[in-house]
Structures are given as C-alpha cells and as structure tokens.
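Keep the picture open while you read.

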Amino acid sequence: MKTLDTLDWIFIGLYFLVLAGVAVWIIRKKQNNTEDYFLAGRNIGWFVVGTSIFASNIGSEHVVGLAGAGAGDKLPMLIYEIQAWVVLMLGWIFLPFYARSGVFTMPEFLEKRFDARSRWVLSVFSIIAYVLTKISVTIYAGGIVVSALLGIDFWTGALSTVILTGLYTVVGGMRAVVYTEALQAIVLVFGAAVLTIIGLNEVGGWESMKATVTPEYLDMWRSASDPEFPWPTLLITSTIVGIWYWCTDQYIVQRTLTAKNIKEGRRGTIFGALLKLLPVFLFLIPGVIALTLKMRGELHWDSPDEAFPVLMSNLLPSGLRGLVAAGLLAALMSSLASVFNSCSTLFTVDIYKKLRPNTPEKKLVRTGQLATVIVVIIGIIWIPIMANISGVLYEYLQKVQSYISPPITAVFLLGIFHRRINAHGAFTTLVTGFVVGAFRIILELIKDDLDPNGILFALGDMNFLTFGAWFFLFCIILAIVVSLLTRTPSEDKVKNLTFGTITEEEKQNNKNSYNWVDVVVSILIVAIVIGVMILFNGK
C-alpha cells in the first residue's frame, strides 16, 4: 500500500477544518432541554434528514465490509444494500404512527401501543444490540481503515477516532450529528464515486471485469440448496432485518423524528432511499474491481476486508487519495456519532427518566452525555470477542442482526397492522425472542465443542438465513396466540396506533402530507431496485 503524501494530508486537514467549523457553529446553539439535545428541536428539513439517514447507515463497516463481500465471493450479501424499498416503508407506513404518537424513542412507542414492560425490554435490549452490532463493528472497521491509511497500529487508529467523534457528539447532541452527517455524506459519495470510475477504467470496463471474475461470480441468486446463501431464506431474512433496521430501530428512525413535520420526514426517507441505491456501485463494485486486479496479479491483499483501502491507496492520484481517505473517516465518524446519540437517547429517555421522572432537563442532558462515554467503553471491550463469530466483517453484522431482529420486527408489524395484538403478546414475544437469539449466538460460538449429532449442534450450525426465517415465523405465531388467549387491548392503546383505528381527521392529515411527486419518485426507486436485482443474475 502507498502511504499518504503531503497533498493528501492537506485535503484531510481541510475536511477536518470544515467539519470542526460546522460542529462549533452547531454546538453554540441552545441545548437547554431533551428535545433540543436528542431531536435537534424537531426542526430539520428533508434534505438533512435524508443525508443523515444515509450517512448513519453507511459507516466504515459498509465501506470496508461491503467491498470485502464483493472481493470475497459473498455477492448475495448485496441484497442487504438494495433495500431502498424498505426505507420507503418507513416514510409511507411507519412514520405517520410515530409522528402522531409524539414519541422520542421506539421503546416509548411500544409503551403507548402496549405497556411499560415492552418499553423496558426493548430499551435494554436495543442498547445491548448496539454494542454487539453497531459500536463494536464500526470501531473495528474504523481501526482497519485508519491503521491502513495512516500507517499506525489498529488500536491507536480505533481509539483516536472514537475519542474525536465522541467529543462533538457528547457536546453537540443530535443537531451536531445530523448537520455533520450531511457534510460527511457528500464527501463520502464523491470520494467513493471517483474510486469506482477510476477502478472500472483501470480494469478495462464492466465487461472486462466480468470476464475476469466470470459472470457466475456476479450472481446474487444462488440455489435454494446453497449451504451459504439459499435464495428463498436470503430474501425473507434480509427483509426481516431490513424492516427492523430501517423502520423500527432508534438509530435510523430518530433521524425522521427530527423533521419539522410528517411531510418533511417522509420526503427525507424518500431522499434517503434514493441515496441508499448508491452503495452497490460505490462500495461493492470496488471490491469486485480489487478482486479482478488481484486475479490479474496487479494488486495484493491478504483479507477481503482490506480490498477497499488497498485499492484506494494504489489507484488514486495524490490529493484524490486524501479526499477518499477523508470520505472513509467521514463514514466512520458519522456512524459512530449516530449510534452514540441513539444510545444516550435510549438510556436517558427510556431508562433514567422512567426511574427518576422529576429530573430537571439539564441534568437529563448531562446523563445522556455520560451514558455515551460508558457505551463506547463497553463497545471497545467487545471487539476481541466479535472476531470469533465470523471472518468477514459484513457477514458477522448480518448474522447477529438475523438473530436479534425477528422478535422486534414481528411486534412492530403486528402492532400497527393487527389491533387485536395486546401487551401480553408483545412482551412474551420480545422476551422469548431475545432469549432464543442470545442462545443461538452462544451455540454458534461453542458449536465445535458440541456433539455433531445432537440437536444443540444442529441449532448452532443451521444456516443463519434459514434460522432467521423460521425464527420470525415462530415470533409471529407466538404473538398472535398469546394475544388471542388474553384480553382485547383497550381503546386508548389502539386509537390512531393501528391501521384499523385511524380517525378520519388523521387520514385526511396524512393525505395532505404528500403529493404526486412523492409517489412517482417512490415508484421509480422500487423500479431501480428490481433492475439491480435483475442485473446481478450471473448472465
């Protein structure tokens, strides 16, 4: 790998100067109460909401991990990156319910729809899930990126980035996060687009690259009997994970709750969905380009997760290399900032405030800042354990998400589509689901020590996509059965919170919140998703 030169450092320095300027400008604005600190005063427009959704999603684990999937024969993982249609579900289906209920957090919505027990379970579990997936993965990927770019050791790179990001997140709150993310999204998209264009030119274009890796390599649809990625359960489980991540997870939904109104929030999700189409071309394709050059003997890397940094350092000219490096650092920082803020929101609003309801607003803000610091420390401790679950970073992320998302997705979907689902059904499903998910992670870690003919080994060794699909069906049945065996929910638990109980006034308000342009752009996004699915068919 080539090291960065003086011009590269100038570009990186300029990027950080601009970022610091934006952060300082935001931090000087008022942060007197929890709405200011956690939801930016609910006064953000659609462009910033959309870029924030995109930047929160595309962290260094995507840049490193998705390129690694492209370079490491894991192309079916692409399906997780073309779920722009699920982002549309957030704006068109879920957001109106969240906005009408006036909530800060997703656990708070569960309390309004069900009861306090579900709120407690989801709050605690969400924070644990952030440590297992988002924080540790982002820090790990960030360490790889920073150490590769700057020529320093992994832990120095990881820790320095965490501290830098934590500073402006703790001080500036949500407003600092969303505005810096808007800047970071622009830098990241531009830098990765340049690398993709130069990379395709280097390998002689799409057809030349396809000929080297063979058309079959670019097939995301493997047979139903494929041991790694059987297409039926790949489609089902990726959708379950997608709905959890995009429509019910505090990390993403919090961005739409900062919007001025439902109209701006929905347009933010439509814009976010449009941006969500980019990673396929900006990150996965560079991974395939890196593999092509390696097969031709023009590039060398040891692990697929190194594909993107190695490609960037060898292909890009001086200056541009610094710009893309800044983009990679932007991706890392935006993801970390988002998850830090979401964790502090969950802990402060859903746990601390529930235990101490009379706490002054300023003390709640300070509590959120302290919670951020603690979660970061736990995330760093988890990194060495994480390395044992899966060799490829992106696959690790999707595996863990396949174990934790089914109960949450089942409860939220049934909660808004089925008025008969009650608090007992939701609580039982969440608790049972989380126990089963944790049990599966433990079995996967210790399966080599189990009897190969036993049921525990079979459960731990089952394909993670197949497990996720059956697990979701189990959660749906459990929620329905328990709800039907217990009492019907009261009117105040369902009014305007399920599709069958929306008042005429609220239906009209929702109709007034969109126009034909919103509908046409949404249909166009769905058409592009279908087009990408057809493009990667191995022919």
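Start at Glu-228, which pairs up with Arg-222 in a salt bridge, their closest N and O atoms sitting 3.6 Å apart. A salt bridge here is a side-chain nitrogen of Lys or Arg within 4 Å of a carboxyl oxygen of Asp or Glu. Glu-228 is partly exposed because its relative accessible area is 31%, whereas Arg-222, at 15%, counts as buried. (Buried means under 20% relative accessible area, exposed means over 50%, and partly exposed is in between, using a 1.4 Å probe and protein chains only.)

Before going on, a word on what you're looking at. This is a predicted model, so local features need a pLDDT of at least 70 and side-chain atom pairs count only at pLDDT 80 or more, while totals for chains, interfaces and linings use all residues. Residues are numbered from 1 along each chain as its sequence is written, and side-chain values use heavy atoms, leaving out hydrogens and water. The pLDDT is the predictor's confidence in each residue, from 0 to 100. The protein chain averages 82, with 88% of the residues scoring at least 70. Confidence is lowest in helix α2 (residues 34-39), with a mean of 53, and highest in helix α20 (residues 464-485), at 95. Helices (H or I, at least four residues) are DSSP runs, numbered from the N terminus.

Back to the charges: how many salt bridges does the structure hold? There are 13. One of them joins Glu-111 to Lys-354, with 2.8 Å between the closest N and O atoms. This pair ties together distant parts of the chain: Glu-111 belongs to helix α6 (residues 106-113) and Lys-354 to helix α15 (residues 320-355), 243 residues apart. Glu-111 counts as buried because its relative accessibility is 18%, but Lys-354 is partly exposed at 31%.

Another bridge runs between Asp-115 and Arg-117, whose closest N and O atoms are 2.9 Å apart. Is Asp-115 buried or exposed? At 17% relative accessibility, Asp-115 counts as buried, while Arg-117, at 31%, is partly exposed.

Finally, look at Lys-363, found in helix α16 (residues 361-386). Lys-363 counts as partly exposed, with 35% relative accessibility.

Definitions and conventions
Helices (H or I, at least four residues) and strands (E, at least two) are DSSP runs, numbered from the N terminus.
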